[in-house]
Amino acid sequence: MTESPEPGDRVANTIPNAADVSRTVQSGSIGGDVLTGGQKFAITAEQVVVAGHAGVPAMESVAPPRSASRIPATRLFLGRSAELARLDAVVGESGRAVVVAVHGLGGVGKSTLAARFAALHADRFSFTWWVVADSPSALTAGLAEVAAAVAPGTRALPLEERAELGVRWLASHDDWLLVLDNLTGPAEVADLLARVRTGTIIITSRLGVGWHAVATTVAVDVLPAAEAVALLSQIVLGQWPDADLIGAEDLCEELGHLPLAVEQAAAYLAQTRISPTAYLDLLSRFPARMFAATTEGSDAQRTMARVWHVTLDHLADTPLAGQLLHLIAWWSPDTIPRDLFSDASEPGVHEALGRLAAYSMITLGPATISVHRLVQAVTRTPDPADPHRHPDTIAEARDLATFALATYVAGLDPLLPANWHKYQAVLPHAQAVMDRTAPEDDTEDTGILLSELGGYLDGQDAESIAFHRRALDSRVRIFGPNHSETLAARNNLAYAHFAAGAEELATTLFSELLVDCERELGSAHLSTLMVMSNLAGMHRAAGEFDKASPLLEAVLAARERLLGPEHPHTLEARNNMAEIHWKVGDRARGRALFEANLADRGRVLGLDHPDTLVSRNNLAEFHRDAGELDQTISLLRTNLAECKRTLGPDHPLTLLTRNNLAGAYRMAGAVDRSLLLFEAALADRVRVSGPDHPHTLTLRNNLAGAYRDLGDLERAISLYEDTLSDATRVLGADHRTTRGIRNNLNRVRGL
């Protein structure tokens, strides 16, 4: 449905001068407005009133001009069948006066819906009249026009007297329809409704609340996608029949299917002879200009840039409402957590959000907020001439939007499932802010936000690397290349590459970083020790234990000296040293360290802490390597139960433990049981991490081995071949995981 009356076909409440009365009556028109039915007003003696005389017309006995109506023409009308049916159901109720409030966002089509309904059902009423009611003076003028329409002789009376007569006429008749267009709110019409309890009144308003005491409401939302495209096509093709409308769906989607925006864009396409794709390009490069662009003959006040200006003026007495809208404009339009606002529990925030929702600027739920994407786009587009969109205000809102997101996740542990919902809640909004912010405008909070989210996504999503890389770039620009914050960002980026399977690149990055940390921070600095530990981890993962051992020895000694023997970082270093002793053949020392570390972590951190679960998993793997499968299976079953209970079924450690338990059952000869565990673990890993993640490839290799053990060589070879192909593509032909899969395939082939 188009918004014809709102964009450019609104009917003004014109009031002819007294000298024009004779001409107006003779011509059968009312101040130049539309009079449908073609019927001239008949003037009776009791209707004629001379200004200054004591007599007034007996309005109760004045019959309405037969078939007279004034409603805007709705040249374009598409869809809205549900809303029309709702209006018909409400108005169709007999035996009582009906007041209906049609409400929705500015530009959404409220006026057109009311006009269409009035035109379709004009034969129900003896008198149908349209009044622009966007101010008290406009409402008064419109009611005065009612009197002039039914009793033309009253035109010579003062405005207030005519308005009073109009109200008296309405109150004494019941077969009429009055549309009050663009009313601010219930208060502006309270006196009229208190006096007039007959007839049918349809109100259109941007305000969506407060009507319950006086009216039945009908909400109007944006157009369905297909109807928005049809509207655009109808307008463009009507003026440019051979137009190429490829990209119309994308354009309407970008405009959020708002009728006013679709009309404005369509008129621009038709006049300038450009395609929807070209318009989208202009909209992305010159948003301020396109939001305000008008075509010949259109109303400059009815554009995307101006349509919500009036609403924000109404909200000026609640400054916080405008401030919150500016914040919301930078985030993703849907599922915005209400507790992102620092004072979310304060009454002022509730009230400000409530007012925004009341005027349809946002949709407010108990826990989340949504907003029309075009409202966002206009709100964050600077215009020095618009006090609601000053460039400084918009830039400040962008930085505050970033700060709010960073504060929401700062300091959270990404390994704890209890925190995952917060990361997930912030991710789409962080992505939106990053997409809408030039890198040179990044702040310190940008680096914090991206580092936190990148850490959460490490090993799960390739977006992690992009987040860490931008965090690093912003810190280099803000702090310089050798600042501790910059060095920390380099560490995070290197680890993200490792988690994504790029182990050689990660090793190179950590090696370069360690040199710079030792130069800038010193070899005993905690950040330097962290980088040293991470580099040792790269060597451990590559099986280069001779390179890892001296690094870990240095880290453990320094952390014991600086942090104490029971600090979590010290316990982490001791766990890593246990693995080194195990791998280089000092099994007794490795076993002693694993057992001591599990006991210490359980005592210091708790039996269900993720670090404790890691220690139990490592000890189980030590027993597996020693062939002590009963102990291995016992430890892993306990660990899997604890992981599920405390971390959830999708946590990386849960998935790893399930893989290890499946491998232990396979070694113990319980191949059927291992097969079920491998298949379940693989399905979960694919769902959580994707089909190309290194851990997914490892699980596919393990599952193929289980098929081989069962004697299903055809299935094993097929899975090995597919996995080898994917590993070669993702990791490279010489990666150790790829080499291991190739060796397994060759063995099962008998090569």
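This report describes strands, an aromatic pair, a cavity and some backbone details of one predicted model.

## About the model

The structure is a predicted model, in which local features need pLDDT of at least 70 and side-chain atom pairs count only at pLDDT 80 or more, while totals for chains, interfaces and linings use all residues. Residues are numbered from 1 along each chain as its sequence is written, and side-chain values use heavy atoms, with hydrogens and water left out.

Helices (H or I, at least four residues) and strands (E, at least two) are DSSP runs, numbered from the N terminus. A residue is called buried when its relative accessible area is under 20%, exposed when it is over 50%, and partly exposed in between, for a 1.4 Å probe and protein chains only.

Two strands are said to pair if DSSP finds at least two bridges between them. Strand 2 (residues 98-103) runs parallel to strand 5 and is joined to it by six bridges, with valine 100 standing opposite isoleucine 202. Strand 4 (residues 176-181) also runs parallel to strand 5, here with four bridges, and in this pairing valine 179 is the residue opposite isoleucine 202. Strand 4, helix 6 (residues 190-195) and strand 5 together make a right-handed β-α-β unit, where right-handed says that, with the strands pointing away from the viewer, the path from the first strand over the helix to the second runs clockwise.

Strand 3 and strand 4 pair in the parallel sense over six bridges, and threonine 128 has leucine 177 in strand 4 as its bridge partner. Six of the six residues of strand 3 are buried, so strand 3 is largely enclosed by the rest of the structure. Both of its faces are covered, with Phe127, Trp129 and Val131 buried on one side and Thr128, Trp130 and Val132 buried on the other.

Rings of Phe, Tyr and Trp (its six-membered ring) pair if their centres lie within 6.5 Å, and planes under 30 degrees apart count as stacked, over 60 as edge-to-face and the rest as tilted. By this rule the count comes to nine aromatic pairs. One of them joins phenylalanine 127 and tryptophan 169, which are edge-to-face at 5.2 Å centre to centre with 70° between the planes. Phenylalanine 127 lies in strand 3 (residues 127-132) and tryptophan 169 in helix 5 (residues 159-171), so the pair ties together parts that are 42 residues apart in sequence. Phenylalanine 127 is buried at 0% relative accessibility, and tryptophan 169 is buried at 1%. Phe127, Trp129 and Trp169 form one aromatic cluster.

## The cavity

On a 1 Å grid over the protein atoms alone, a cavity is a set of points where a 1.4 Å probe fits but cannot get out, and lining residues have an atom within 4 Å of a point. Grid points are joined across faces, edges and corners, and a volume is the space filled by probe spheres set on the points. A search of the whole structure finds one cavity of 30 Å³ or more, and about 80 Å³ of space lies in the largest cavity.

The residues that line the largest cavity are Met304, Ala305, Trp308, His309, Leu312, Val378, Thr379, Asp386 and Arg389. Helix 12 (309-314) and helix 15 (373-379) each supply at least two residues of this lining. Valine 310 is also placed in helix 12, and valine 310 is partly exposed at 43% relative accessibility. Although valine 310 and glycine 106 are 204 residues apart in sequence, they are 9.2 Å apart in space, C-alpha to C-alpha.

Most residues other than glycine have a negative phi. At 13% relative accessibility, histidine 257 counts as buried.

Arginine 273 likewise has a positive phi, near 60°, and lies in the loop between helix 9 and helix 10 (276-285). Arginine 273 is partly exposed, with a relative accessible area of 43%.

Note on methods
On a 1 Å grid over the protein atoms alone, a cavity is a set of points where a 1.4 Å probe fits but cannot get out, and a pocket is an open set with protein on both sides within 12 Å along at least five of seven lines; lining residues have an atom within 4 Å of a point.
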